[in-house]
Structure formats: C-alpha cells, structure tokens
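I opened this entry to note what I looked up, item by item.

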Amino acid sequence: MLEAIIVLLVLAVIGYFIIKNYNPAIILISGGILLLILAAVLGHPLYADGEGTGFIVFDIFKKLKDTIISQMTGAGLILMILFGYSGYMNKIGANQVAVDLLVAPMKKIKSQNLFIPIVFLLGNLMSLVVPSASSLAIILMAILYPMLQGMGISSLTAAGIIAMTATIMPTPLGADNVIAAETLGMNLMEYVIYNAKISIPVLIILAIVHCVWQRHCDKVEGEKAFVKIDESKLKQQEGVELPKIYAILPILPLILILVVGIAAMFVPGITMDVFILTFISFIVAVIFEAIRTKNFKTVTSVASDMFMGMGEGFGRVVMLVVGGSLFTTGVQTLGVIDSLTNAVQNTNSAGLITMVIFSLATCVFGILSGGGLAMFYAVISLIPGIAETAGVHGMLITLPMQMIANLSRTISPVAAVIMIVASTVGVSPTRILKRTAVPSIVAIILVMVFSVVFLPY
C-alpha cells in the first residue's frame, strides 16, 4: 500500500532528524505538513465538503491551526501553567528549600544497604518538586553525591542512582499524565491512580535491584568504581535563606488537587480544575514573597517569570504535542490508521500484541534519541481508536508507552541526564550506562507485566 510506505519513509526521516538532536516539535510539524500535502496529492480529502477554506493549500495550514486551538483549549493550557509554576518555584528558591528538607533525614542513616534504595526512592519523590530529570540530576549531584561518597559508596554507584531518580513517579502535575488522561477522556486523578498501581511497585522493586546490581558492579570494577571528582562541579548555588514553610509551595498544587478530589466525594458539584488550583497556588506564593520581602514591586517583577515560563512551556512542550498531533492527523488522512486497526482487529490477543509493539518501539526510539516522550506525544492521539478496534482499554497501550518513554532515557548514551551525570563525575557516558542499563531493563519488563496484571482490558 503506497500510503503505508509513504508514512514509514516520512517517519524514518523524522526519526533520523530527532536522533540527530534537531528540534522535535519543528520536525514533527514539518512531517505532518508533508503528509497532508501528499494526502492531498493522492486525492484524500482534508475536510468534508463545506468545512475547509476552499483552497487546498489553506486547508493544510488550517489543520495546523485547528490542532493548536484544540491543544490550547484543553491539556495544552494546563501544561503551560504547570511549566510556568515550576519555573517560578525555581526562581524564588522554593524548589531548593523542599529538596533540602527532604534530604535532611538522610544524614541520620548509617547503613549503606539502606542508604542506596532510600536515596533512589527519595530522588524519585523529589521529582514531584523538580520534574526535569536533568535539573534534578544537577541538584542531587550537588546535595546527595557528597553524602553518598562520605558513606564510602562508590562514585559510579552514586552516579547510577542519581541518573535514574526522575523516571516514573505518578503525579497529576506531570505533562505526560495530563496529556494521556485528556486523550483517553479520563479524570486526571483516576488515570494517576492507575499509574501508581504500576509505578509504585516497580519503583520499590527497582530500589532493591539497584542495591544488588550496584554492589555487583562495585565488586567487578573494584577501585575503578571510585573516581576523584572536581569538587567545584558539586557546589550549590548560593542564595537567600528562605523560611522552611516555602518547602510546601512546589507541591501546593498537588495538595490542593488531592484536597479537592477528596472533597468532591462528599460535596456534589465540586469539580477539580488543575489550571485553577495551580493559579491559586501561584497567588499564595506571591503573597508569601510579598510578606517575606516587603517589596511588592520586586515581587511582581519576579512573579512575571510565571508567565514567561508559560510561554516557554508552550514552545517546549505544547508545540511538541501539536507536532505529534499534526503528524498523526496526516497519517489518519492517508487512511493508514484504518488499515492498521483492521489488521489488529483480526489478530488473536490483539491488545497485548499492540501494547508490546508500541512499548518496544518507544523503547528503541528513546534509546536512540535520548528520550521517548517525543514519540509518545506523536502517537498518543491514535491510541483511543487503535485500542477500541483491538477491544482493549486505551490505558493498556498508553501507560506502558508513557513509562517506558521515561525509562528509556536512562539507557541512552545521548540522554541529557546521562551526559550531565557523566560529565560531573568525569567519566564516559558508557560507564554510567553500565550502572543504569540492568535496572532500567528490569523496570521496562516489570512495567509491561504489571500493566497486563493491574490495568483493565
């Protein structure tokens, strides 16, 4: 089928450019436009009669406009405010206060066997406060790395643990969770609860696997596992000491979401709106800053970073989702999705086969590109239709894909978090990958197994 060949060729070109670190949003949008042009050339209508602009070239760009509008009126707006709020928390130093508070109890732990799994789980907990894997790695290398070395834990063990601390922590503040819930037409908290049924057991097992695997690697490498590091690379940024109460601000939206979610069980009519609750959290943070600094002009000036962060979120995340949606629109217009779903429908165990195919494809793409979320965002809009045809719930395909997209970067030599940790320790990325590969592969297998066990069909 000509259309299927075209899609595969365009997908290969897109994959090549993304692997070569071209901007994925621009590449996906370009690929989507190209597919729409080819669809028009092959005689596939872009709009039903009377719904387009009357001119095929305009119709192609109307598809882009429609895609942007659909994202801006739904999950895209939520992603922007979450991105902006996270940036504002970093700007005022609240993220650092929260991290420092979480790390404090670690100083009382004396056992290496306890320290390794607890550090791993604590690092994942910190990803609720600092969602960026790269940013979290920088912070943890400054705070936890010296503590780990002080306990006699090898440099490469410490680096391997820190490199894997932002993976599959379930949170309603995660962009991937927001997009997935919106696409599947699910309540966000319901989706996150299903996420937690898989991710929490996986993280607990992974903490144990880390302890065993890092010990094994230390025995094999001996003294080579201990690397002398330039201490200047571990210095924390100096700043004004903030009140401890600031530690609650980064997770205030999460707290409000949980409170409103519980209240909705008892008070009919109350609905949870992530945008509203995050903006309320922003206002609370501004009030905190006004009371602390007693300089409202400065406070308002710094608070504007919230809106600049929203703009950055639009450019970095929302447009990536738009690019993915436009690409899938082009695939659908060519009729390839209908052919694919018909083929899946006639296959025994269609749901499981589809889940495995999408999961493994995401894993391979993530290893090659340094992160599988670009592929996840590119195909997420296809999942409901494919799942319906396969006769399974969309979560059976979406959740494993989403988690594997995050896990795959920990076995990619070009992932930003791996390169940051490796450069800080002063070793090659492959030495860090030796410490993360086995735990990551175990986690990927567990995610697929637990998805079959815990998710509805």
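I set the burial terms before anything else: a residue is buried under 20% relative accessible area, exposed over 50% and partly exposed in between, with a 1.4 Å probe and protein chains only. I am working on a predicted model, in which local features need pLDDT of at least 70, side-chain atom pairs count only at pLDDT 80 or more, and totals for chains, interfaces and linings use all residues. Residues are numbered from 1 along each chain as its sequence is written, and side-chain values use heavy atoms, with hydrogens and water left out.

**Cysteines**

I looked up cysteine 211, which counts as buried because its relative accessibility is 13%. Cysteine 217 counts as buried too, at 5%. I took a disulfide to be a pair of cysteine sulfur atoms within 2.5 Å. How many disulfides does this rule give? The count is zero. For cysteine 211 the closest cysteine sulfur is that of cysteine 217, and at 12 Å the distance is too far for a bond.

**Helix α2**

I used DSSP runs for secondary structure: helices are H or I with at least four residues, strands are E with at least two, and both are numbered from the N terminus. The expected span of a helix is 1.5 Å times one less than its number of residues. Helix α2 (residues 24-41) has 18 residues and runs 26 Å from its first C-alpha to its last, close to the expected 26 Å. I listed its buried residues as Ala25, Ile27, Leu28, Ile29, Gly31, Gly32, Ile33, Leu35, Leu36 and Ala39. I then asked what covers them; α1 (2-19), α3 (56-72), α14 (305-333) and α17 (373-379) are included in the cover, where contact means heavy atoms within 4.5 Å.

At the N-terminal end of α2 I found a cap from asparagine 23, with a side-chain oxygen 3.0 Å from the backbone nitrogen of alanine 25. I count a polar contact as a pair of N or O atoms within 3.5 Å; within protein, one must be able to donate a hydrogen and the other to accept it, and residues adjacent in sequence count only if both atoms are side-chain atoms. Glycine 43, with a positive phi near 90°, follows α2.

**Helix α4**

I checked helix α4 (residues 75-92) in the same way. Its 18 residues should span 26 Å at 1.5 Å a residue, and its end C-alpha atoms are 26 Å apart, which agrees. Among its buried residues are Ala75, Gly76, Tyr85, Tyr88 and Ile92. Glycine 93 follows α4 and has a positive phi near 90°.

**Aromatic rings**

I paired rings of Phe, Tyr and Trp (its six-membered ring) if their centres lie within 6.5 Å; planes under 30 degrees apart count as stacked, over 60 as edge-to-face and the rest as tilted. The structure holds ten such pairs. Phenylalanine 376 is buried at 0% relative accessibility, and tyrosine 377 is buried at 4%. Phenylalanine 450 and phenylalanine 454 have centres 5.6 Å apart and planes at 65°, so that pair is edge-to-face. These two are four residues apart in helix α21 (residues 429-454), and about one helical turn separates them. Phenylalanine 450 is buried at 15%, whereas phenylalanine 454 is partly exposed at 37%. I also noted a cluster linked by ring pairs: Tyr88, Phe275, Phe279, Phe282 and Phe307.

**Threonine 167**

I located threonine 167 in the loop between α8 (155-163) and α9 (175-184). Is this residue buried or exposed? Threonine 167 is buried, at 8% relative accessibility. Its side chain makes a polar contact of 3.1 Å with that of asparagine 124. Beyond its neighbours within four places in sequence, threonine 167 is in contact with Asn124, Leu203, Asn406, Leu407, Arg409 and Thr410.

**Lysine 294**

Most residues other than glycine have a negative phi. Lysine 294 is not a glycine, yet its phi is positive, about 55°. I placed lysine 294 in the loop between α12 (274-293) and α13 (296-303). Its relative accessible area is 72%, so lysine 294 is exposed.
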